[in-house]
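I opened this model to look up its nonpolar cores and its strand pairing. My notes are below.

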Amino acid sequence: MQTVTRIISVGCTMVVSALTLAGCGADTNSTPSSLLVTNPTARTADIYLVAGYNRNNLWDNFNGYANGNLSVSVPLGYKVALHITNDGGVPYDVGVYTTDQRLAFPGAGTSLQGYVQNPSAGIMPGSSATYSFVANQVGDYRLADLLYQFPAHQEARLPIGMWGEFHVTAAGSPHVTTTTE
C-alpha cells in the first residue's frame with residue numbers, strides 16, 4: 001500500500017511540475033511580416049491583429065505583443081483596413097486612438113461614446129471585425145482596446161499593456177516593427 005501511495009504521489013508531482021513548466025516563459029509571437037499586407041500602387045495597408053493571441057501578458061496582447069512592443073507605420077493618405085480577430089476568452093475591441101482617447105480617424109474603431117451607447121459592443125471571443133479608414137493626419141497614435149473604459153473613461157487595458165503604436169508618416173513605406181520584453 002505504501003508503494004502504491006508513493007507512486008501516485010510521485011506521479012501527481014510530475015504532472016503538476018509539467019503543468020507548471022508549460023505555463024512558464026513566453027509564448028511565441030506572430031512574425032511582423034504576417035501582420036501587414038500592402039499595395040503601394042493602390043496605397044492600401046491591411047493590418048491583421050489577433051487580440052488574445054497567446055498567454056503573453058495574461059492574454060492581453062495583439063499577436064503576442066503588449067506594452068507598446070508592436071508598432072505599425074503607414075504613410076499619409078493610405079487607406080487602412082484594420083482586421084481584428086478575438087482569440088481570447090473575453091470581448092475585446094481595437095481601434096486607433098489619440099492620446100486623449102478619441103478616435104484618430106473616422107472609421108478607425110469604436111468611440112468611447114459608442115461604447116456608452118452600446119455596452120454590449122466589442123468583438124466576442126472567436127469573432128472578427130474590420131475597421132476601415134484613411135490615415136489623413138501625420139502623427140503618433142495608439143492601437144488600443146478601450147472597451148472597458150466607460151462610463152468613467154478610465155484606462156482599463158492600457159495600464160496592463162494591451163496597446164501598440166500606430167504612426168502616420170509624411171512619406172515612406174508601410175511597415176511593422178516589434179520589440180520583445
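The entries cover ground rules, then cores, then strands.

**Ground rules.** This is a predicted model, where local features need pLDDT of at least 70, side-chain atom pairs count only at pLDDT 80 or more, and totals for chains, interfaces and linings use all residues. Residues are numbered from 1 along each chain as its sequence is written, and side-chain values use heavy atoms, with hydrogens and water left out.

**Cores.** I looked for nonpolar cores: sets of buried Ala, Val, Leu, Ile, Met, Phe, Trp, Tyr and Cys residues joined through side-chain atoms within 4.5 Å. Buried is under 20% relative accessible area, with a 1.4 Å probe and protein chains only. The largest core has 31 residues. Val74, Leu82, Val96, Phe105 and Phe166 touch the most other members. I checked which elements give two or more residues to this core: β2 (44-51), β3 (70-75), β4 (79-86), β6 (128-134), β7 (139-144) and β8 (163-169). Strands here are DSSP E runs of at least two residues, numbered from the N terminus. β2 gives the most, with 4 residues. Another core, of 8 residues, lies apart; Tyr115, Ala121, Leu146 and Trp163 are among them.

**Val96.** I listed its contacts (heavy atoms within 4.5 Å). Beyond neighbours within four places in sequence, Val96 contacts residues including Leu82, Phe105, Phe133, Tyr141 and Phe166.

**Strands.** I counted two strands as paired if DSSP finds at least two bridges between them. β1 (residues 36-39) and β2 run antiparallel, joined by 4 bridges. Asparagine 39 has threonine 44 in β2 as its bridge partner. The two strands form a hairpin with 4 residues between them. Arginine 43, in the turn, has a positive phi of about 60°. β2 and β4 run parallel, with 8 bridges. Threonine 85 in β4 stands opposite valine 50.

Technical notes. Buried means under 20% relative accessible area, exposed over 50%, partly exposed in between (1.4 Å probe, protein chains only).
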